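Have the sequence and the 3D view open while you read.

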Amino acid sequence: MKTKILKLTPNNPQKLKIQEAAKIINLGGLVAFPTETVYGLGANAFNEKAIAKIFLAKERPADDPLIVHISETTALEKIVLEIPDCAQKLIKQFWPGPLSLIFKKGSLIPTNVTAGLDTVAIRMPSNKIALQLIKLSGIPIAAPSANLFGKPSPTIAQHVINDLDGKIDLIIDGGPTDIGVESTILDVTTTPPTLLRPGGITLEMIEKVIGKIEIHPLTIDKSSIIEIKAPGMSYKHYAPLAKVILLEGNTNAVMRIGKQLAREYNLSGKKVGFLKNKKDLYRFAKTLFKSFRKFDQDHFDVIIVGGVPETGLGLAIMNRLRRAATEIIKV
Ligand code: TXA
Ligand code: MG
């Protein structure tokens, strides 16, 4: 299949061109599009066959559920069984934006969207292209990140081209994404709600609106698999081909051990890179997956990275680093 590339201006996207993309969605095709977090690979959320194509193109296991994207809250009532009070508050505060909420699923959503679960993840993206695409399609769009399974999520259109060219109908190039890590996922079917994946809407921001929430153990420590809520949570994600070594501890110790490790790997003929631990967490998150992909492109064998404090966006960054890491060393 020939994949078409459509370049759009992010802040003032041309409606006519998005109309073309919406038509593809309506015909059961696959369209990659920018969101404020990462690029998504979208299909009609009501069309079981179109959804199956997403899993094929991404080589994604069927037990890893998708997130459904909507452009107005009225769409929510049609696809979920109930909207808890806490969800109402969060929606008012944070939608459109990088927050996915897990609800009890209604019957309109086919089972392959949710990997057979009786819950469904929903979010309203704030990216103008994404919102227009959903609006013009007139249906909810199911979309996982637009990468091959196991690869870091795409933050520019070129990443999508590298992974999915020839496998999908259209890629909308809307420039680099703002946040750079995937949306926060919060399960509002539990009391209190449970944080399943940290992201752009931080734990602190959520608790300010609805009070204390539960944090799923996998969010913090990938070794403590107690109860896996969504099968997708157990997979190693976001990983570059290179071996990622995460050093956690105070800056001086991280520097010292990092240099020592680099020397050892260099001696054994390995190409070693340092992922600069940026002070500005927004910049760090925004460039994280792009850096991973760049290291692979430049054939690095080992990437050494220091941890960041787990507050604000730092929780999301550490979650992605731990999931990418082959080795975590506390120094
Ligand atoms: O920012 C994002 O969330 C991006 C953009 C495209 O919106 N999407 C995204 O989807 O990152 P992705 O590939 O991470 O896949 C969705 C993940 C699953 O792996 C799973 O962990 C969780 O969302 N998920 C989806 N439905 C769920 C459910 N019913 N219960 C628990 N977790 C669910
Ligand atoms: Mg993904």
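Now the ground rules. This is a predicted model, where local features need pLDDT of at least 70, side-chain atom pairs count only at pLDDT 80 or more, and totals for chains, interfaces and linings use all residues. Residues are numbered from 1 along each chain as its sequence is written, chains are lettered from A and ligands numbered from 1 in the order in which they are written, and side-chain values use heavy atoms, with hydrogens and water left out.

**Around ligand 1**

Let's start with the ligand. A residue is near a molecule if one of its heavy atoms lies within 4 Å of it. There are 25 residues around ligand 1, and Thr37, Asp64, His69, Ser183 and Arg197 come nearest. By class, this shell has 14 nonpolar, 6 polar and 5 charged residues.

Several side chains make polar contacts with the ligand (a polar contact is a pair of N or O atoms within 3.5 Å; within protein, one must be able to donate a hydrogen and the other to accept it, and residues adjacent in sequence count only if both atoms are side-chain atoms). Here are three of them:

| Residue | Ligand 1 atom | Distance |
|---|---|---|
| Arginine 60 | oxygen | 3.0 Å |
| Histidine 69 | oxygen | 2.6 Å |
| Threonine 119 | nitrogen | 3.0 Å |

On its own, ligand 1 has 670 Å² of accessible area, and the protein covers 96% of that. Such areas come from the Shrake-Rupley method with a 1.4 Å probe; for residues, only the protein chains shown count as cover.

Which strands supply at least two residues each of the shell around ligand 1? They are β4 (67-69), β6 (119-123) and β10 (194-197). The largest share, 4 residues, comes from β6. Elements here are DSSP runs numbered from the N terminus, with helices (H or I) of at least four residues and strands (E) of at least two.

Serine 183, one of the residues that come nearest to the ligand, sits in the loop between β8 (170-173) and β9 (184-187). Is serine 183 buried or exposed? It counts as buried, because its relative accessibility is 2% (buried means under 20% relative accessible area, exposed over 50%, partly exposed in between, with a 1.4 Å probe and protein chains only). Its side chain also joins that of serine 100 in a polar contact of 2.8 Å.

**A pocket and a cavity**

Both kinds of space are found on a 1 Å grid over the protein atoms alone: a cavity is a set of points where a 1.4 Å probe fits but cannot get out, a pocket is an open set with protein on both sides within 12 Å along at least five of seven lines, and lining residues have an atom within 4 Å of a point. Grid points are joined across faces, edges and corners, and a volume is the space filled by probe spheres set on the points.

The second largest pocket has a volume of about 500 Å³. Its lining takes in 21 residues, with Thr251, Val254, Met255, Asn277 and Gly306 nearest its centre. Two or more lining residues come from each of α9 (251-267), β13 (272-275) and β14 (302-306), and α9 gives the largest share, 5 residues. By class, the lining has 10 nonpolar, 7 polar and 4 charged residues.

As for cavities, the structure holds 1 of 30 Å³ or more. About 30 Å³ of space lies in the largest cavity, and its lining includes Thr184, Pro198, Gly199 and Leu315.

Where are the cis peptide bonds to look at? One runs from tryptophan 95 to proline 96, with omega near -5°, and proline 96 is in the loop between α4 (85-94) and β5 (99-104). Another runs from threonine 191 to proline 192, with omega near -10°; proline 192 is in the loop between β9 and β10.

Alanine 115 is not a glycine, yet has a positive phi of about 55°. Alanine 115 is in the loop between β5 and β6 and counts as partly exposed at 23% relative accessibility. Histidine 299, also not a glycine, has a positive phi of about 60°. Histidine 299 lies in the loop between α10 (281-297) and β14, and is exposed, with a relative accessible area of 63%.

Terms used: Nonpolar A, V, L, I, M, F, W, Y, C, P; charged D, E, K, R; others polar.
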